[in-house]
Amino acid sequence: MRVMIADDHAIIRDGLKKIISMAPDMVVVSEAVDGEDVLKRLRLTPVDVLLLDMSMPGKSGIALIAQIKASYASLPILVLSMYRESQYAVQAIRAGAAGYLTKNAESEQLMSAIRRVARGGTVVSPLVADKLVRQLQQPAQALPHTRLTAREFQIFQMLVEGNGINDIARCLSLSAKTVSTHKANILTKMDIPSTAGLVHYAIEHGLIVAGTDA
């Protein structure tokens, strides 16, 4: 089984490679350090499973998952994140990820998850599964952030993590005007008047981990 590891932290990649190297049926064939690198390396090297960090520099998160699935619909993506599940995992699964694990998962749990998504299965906790079902059953009662597009959710994430308009524009290769338009749409869709309100919402719903660099 060919595995790609996408994480901007070398120590995380090294740890994952060490774990995977102990499995006779798996081999790490490619590594990527950011979203653009993921897309570049997927074009060069076929893989069976992508282990994807949610918070790499530049293109990342929900928008990256959606973009990868647009080009590689059958590629299983297993998200590895330091963010606790809460609504974040639901967004990832809805964007096309096959599974979501936090980085404090046990090695055996990780290996089992890789094999499961490679076989076409999904890896979500009962909590996330329950939220997905409830969202399908009660779309009208979905939380405000679930109304955002993939790009809007990515910018929402960057805003609540403290990035300014110009920083986001530079990181995503967009104009400041475009980012400002997305921000205005986000505030309107979520019916929240300010960035401070977005931060409060993100903390309340577990969409941001205070005091970490992700």
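Start by selecting D53: this residue is buried, with a relative accessible area of 2%. Keep in mind as you look around that the model is predicted. D53 sits in strand β3, so colour residues 49-53 if you want to see the whole strand. There's also a note attached to this spot: UniProt, in an unreviewed entry, lists D53 with the feature "modified residue: 4-aspartylphosphate".

Next, jump to helix α7, residues 150-160. How many of the eleven residues of α7 are buried? Nine of them are, so the helix is largely enclosed by the rest of the structure. To see them, select E152, F153, Q154, I155, F156, Q157, M158, L159 and V160.

Which residues make the contact? On the α7 side, show R151, Q154, I155, M158 and L159; on the α8 side, show I168, C171 and L172. Sorted by class, that contact has six nonpolar residues, one polar and one charged. A handy thing to remember while you look: an α-helix has 3.6 residues a turn, so residues three or four places apart point the same way.

For the last stop, step just past the end of α7 and pick G162. Check its backbone there: G162 takes a positive phi of about 100°.

Conventions:
Residues are numbered from 1 along each chain as its sequence is written. This is a predicted model: local features need pLDDT of at least 70, side-chain atom pairs count only at pLDDT 80 or more; totals for chains, interfaces and linings use all residues. Side-chain values use heavy atoms; hydrogens and water are left out. Axes are lines fitted to C-alpha atoms, for helices over the stretch in contact, and angles run from 0 to 180 degrees between N-to-C directions. Helices (H or I, at least four residues) and strands (E, at least two) are DSSP runs, numbered from the N terminus. Contact means heavy atoms within 4.5 Å. Ala, Val, Leu, Ile, Met, Phe, Trp, Tyr, Cys and Pro count as nonpolar, Asp, Glu, Lys and Arg as charged, and the others, Gly among them, as polar. UniProt positions are given in the numbering used here, feature names are shortened, and annotations may be inferred rather than shown by experiment. Buried means under 20% relative accessible area, exposed over 50%, partly exposed in between (1.4 Å probe, protein chains only).
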